[in-house]
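Dear colleague,

I am passing on the structure below, with the sequence alongside. My notes on what was found follow it, and please read them with the model open.

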Amino acid sequence: MVKKKMTMNKPETASDLLKTLRESLLELQRWGYKGFDCSSRSLEMLKRWSQPYEKPLRPKTDINLENIKADLEGCKRCRLSRGRTQLVFGQGNSKARIVFVGEGPGYEEDQSGLPFAGPAGKLLDRIIAAMKLNRNQVYICNIVKCRLANNRQPQDEESETCLPFLKRQLAIIKPEVICTLGACATKVLLNTKNPLGRLRGRFHDYNGIQIMPTYHPAYLLQYPENKRATWEDIKKIMALLGLPL
Ligand code: SF4
C-alpha cells in the first residue's frame, strides 16, 4: 500500500478540530487503514459533535419584559441607534389593562430613559389622572425605542424594524385596550394608511385587543381645541374598562 501524506491545517476551534478529525478518519477508512475507529457510528458521532452550538430558545414560560429588554441591549438594527443616548423601552405595569403607545422618544426621553418625559408627557399624565389612574397602573411605550431627532416621525423602515419588539411587549402584557397616541402609532399598529381623523373615536381590533386611536399629547399642546375630542375617546376606553367617570 502506497502511503499518502495527509495535509492538515491547524484547527481554530473544537468544532474545527472535530471536523478535521472526522475528515482524517474518513480518508483513513477510504485507504483501508486498520487500527482506527472509522466505523459509520463514530463518524456520525463526530459529525454531530462538530455542529456549531446554538443557544437554545428560551422556554415560553421564561419570556417577560426584562428578557425582551435584554434582547434589545446595544441594538443596532436600524439607523436610529446612532442618535440615541439610551434605549427607551417602556414604563409601567406589566399587567396593565391599558397600554399607551406613542411614536418614539424625543430629547427628554432619550436623556431620562423614560417614555413621555417632556411637556407632552405631563399632559399624558393629566389624561391618565383624569382616568383616576397613574403611571404605575398603566403601561407606556412607543413604536420605536431610540430617539427621533428634531421630533421627526419614524420612517417606515425604522418602524418595521422595531415593531416586532413592541408586539412582543403587548403579547406579554395582554392589555384589554391599547390607546394609540397620534397618527404614526395608529397607522403602524393597525397597518393602515387611513388618516387619524377617520380612525379615532372608535375601537379597532388588534389580535383580540381593542385599539382606540386618539390625538398625540404633543399635538394637543399645539392644537388644544382637540382636547375635548380626545376626552371623548378616553371616556370610551373608561367605559370599556368599567372605570367610573
Ligand atoms: S429603534 Fe428599535 S430597532 Fe432601531 S436601533 Fe432602536 S431599538 Fe433597535
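Predicted model: local features only at pLDDT ≥ 70, side-chain atom pairs only at ≥ 80, totals over all residues.

β2 (98-102) and β3 (139-142) pair in the parallel sense over 4 bridges, where two strands count as paired if DSSP finds at least two bridges between them, and valine 99 stands opposite tyrosine 139 in β3. Residues are numbered from 1 along each chain as its sequence is written.

The pairing of β2 with β3 belongs to an open sheet of 6 strands, whose order is β1-β3-β2-β4-β6-β5 and whose pairing is mixed. β1 (91-92) and β5 stand at the edges with a single partner strand each, so that one side of each has no neighbour in the sheet. In general, the strands of a sheet pair through backbone hydrogen bonds, either parallel or antiparallel. β4 and β6 run parallel and are joined by 5 bridges, with leucine 181 opposite threonine 214 in β6.

Which residues cover the two faces of β3? Tyr139 and Cys141 on one side, and Ile140 and Asn142 on the other, are all buried, a residue being buried if 20 or more other C-beta atoms lie within 10 Å of its own, exposed if 12 or fewer, and partly exposed in between, with C-beta atoms placed from the backbone.

α6 (residues 156-173) lies across β2, β3 and β4 and runs at about 165° to β3, while α10 (residues 227-241) lies across β2, β4 and β6 and runs at about 165° to β6; axes are lines fitted to C-alpha atoms, for helices over the stretch in contact, and angles run from 0 to 180 degrees between N-to-C directions.

The axes of α3 (residues 65-72) and α6 come within 10 Å and cross at roughly 170°. These two helices are therefore roughly antiparallel to each other, the term applying to angles over 145 degrees. Leu65, Ile68 and Leu72 in α3 meet Phe165, Arg168, Gln169 and Ile172 in α6, where contact requires C-beta atoms, placed from the backbone, to lie within 7 Å. The residues of this contact divide into 5 nonpolar, 1 polar and 1 charged, with Ala, Val, Leu, Ile, Met, Phe, Trp, Tyr, Cys and Pro counted as nonpolar, Asp, Glu, Lys and Arg as charged, and the others, Gly among them, as polar.

Helix α7 (residues 183-190) is mostly covered, with 7 of its 8 residues buried. The buried residues of α7 pack against β2, α6, β4 (177-181), α8 (196-199), β5 (204-206) and β6 (209-214). Just after α7, asparagine 191 takes a positive phi of about 50°; asparagine 191 lies in the loop between α7 and α8 and is exposed, with 8 other C-beta atoms within 10 Å. Asparagine 150, in the loop between β3 and α6, also has a positive phi, near 55°, and counts as exposed with 8 C-beta neighbours inside 10 Å.

As for the ligand, 14 residues surround it, and the closest are Cys75, Cys78, Ser81, Cys146 and Cys162; a residue is near a molecule if its C-beta atom, placed from the backbone, lies within 6 Å of it. Helix α6 gives the most to this shell, with 3 residues, and by class the shell has 8 nonpolar, 2 polar and 4 charged residues.

For the protein chain as a whole, the secondary structure comes to 10 helices and 6 strands, and buried residues make up 29% of its 245 residues.

With best wishes

Definitions and conventions:
Contact = placed C-beta atoms within 7 Å. Parallel < 35°, antiparallel > 145°, perpendicular 65-115°, else oblique.
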